[in-house]
Amino acid sequence: TERFYSFLTACINGWLIHVLWKEFFRESELKKLSWIPFFLWITIPVCFWAFQNNMQENTMSVFTLSASLFILKGIYQNKTFLFLIGGIFVFLASLSKGFPGLFPIAIAGFHWLVYRERSFVKTFLLTLLLTMVPMMLYFLLVLHPDIYRSLSVYLFDRVVNSIQHVSTEPSRFYLIKKLLMEFIPAFVIIAIIYLILWIKKFDFRKIQAQQKNTIFFFLIALSASLPLMITKEQRGFYLVTSFPFYAFAFSCCIAPAISVWTSKINF
């Protein structure tokens, strides 16, 4: 049962990566290349390990990707109810493993910061709505004494105690080193592609056109990984929820070139 569940979460994560990429590039030829972030995602060693061992992050990643999908849909379609659904998924992500599941709340702010397609006031109100949904749901939950007691144990015995006393690494910057190590396969793949592009004298302006998209996904990925450094209790699989967004960012750096190559294939 555990193996089946873990495999199921991996499948759902992969499907959500595909759907989120298509939603983001809905008006671009790049929407056909959702296999690129999927491929880069599965080359990350600790990501592969986490799904083999049924870590809690596997479930939380389902909810953070779902929240991100509905938040992006809400931004593009300008529909408030999609933000409400996104807020529910943020709540479910945080209920899976606490504070690390809250990072999708920042997506609307990052979108404004990078693209400036709507006013700051509207972005602030949408972010406030995203924040209020999980807060209201938690308020309803803690009205039940058993749930209140359970969440109190998590907050004080788990979170506060972890920040103050628990240490698995000597430095808070261990996760940065871990990130760089985990991305070695992706870096090698990108380096080989760039070498081929340089030899073929590819027009790199097509890749430079994706600069804003790369920055946007990197900001989301960093918001999912850097706050984990607040404590010295650090393990590589804590980063699982951030990996899809790093994969998106890396994919933006190579997708235009691969799109040119695949367009030459006579199916």
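1. Serine 34 is buried in this predicted model. Its relative accessible area is 9%, and because buried means under 20%, serine 34 falls in that class. Serine 34 sits in the loop that runs between α1 and α2.

2. What does the side chain of serine 34 pair with through a polar contact? The partner is the side chain of histidine 18, at 2.7 Å. Once neighbours within four places in sequence are set aside, the contacts of serine 34 are His18, Trp21 and Lys22.

3. Serine 251 belongs to helix α13, which covers residues 243-263. Is serine 251 buried or exposed? With a relative accessibility of 0%, serine 251 is buried. Apart from neighbours within four places in sequence, serine 251 touches Trp21, Ile36, Pro37 and Leu40.

4. The largest pocket holds about 970 Å³ of space. Its lining is made up of 36 residues, and those closest to the pocket centre are Gly98, Phe99, Pro100, Tyr154 and Val159. Two or more lining residues come from each of α4 (56-77), α5 (80-97), α7 (120-141), α8 (145-164) and α12 (211-225).

5. Which element gives the most to the lining of the largest pocket? That element is α8, with 10 residues. Sorted by class, the lining of the largest pocket contains 23 nonpolar, nine polar and four charged residues.

6. For the second largest pocket, the volume is about 200 Å³. The residues lining the second largest pocket are Phe7, Ala10, Cys11, Gly14, Phe38, Trp41, Ile42, Cys47, Phe48, Phe51 and Gln52. At least two of the lining residues are supplied by each of α1 (2-24), α2 (35-42) and α3 (45-52).

7. How many charged residues are in the lining of the second largest pocket? There are no charged residues there; the lining has nine nonpolar and two polar residues. For the largest pocket, by contrast, four charged residues are part of the lining.

Methods:
Residues numbered from 1 in each chain as written. Predicted model: local features only at pLDDT ≥ 70, side-chain atom pairs only at ≥ 80, totals over all residues. Heavy atoms only, no water. 1 Å grid on protein atoms, 1.4 Å probe; cavity = no way out; pocket = protein on both sides within 12 Å on 5 of 7 lines; lining within 4 Å. Points joined across faces, edges and corners; volume = space filled by probe spheres on them. Helix = DSSP H or I, 4+ residues; strand = E, 2+ residues; numbered from the N terminus. Nonpolar A, V, L, I, M, F, W, Y, C, P; charged D, E, K, R; others polar. Buried < 20%, exposed > 50% of the residue type's maximum accessible area, 1.4 Å probe, protein only. Polar contact = N/O pair within 3.5 Å; in protein donor to acceptor, adjacent residues only side chain to side chain. Contact = heavy atoms within 4.5 Å.
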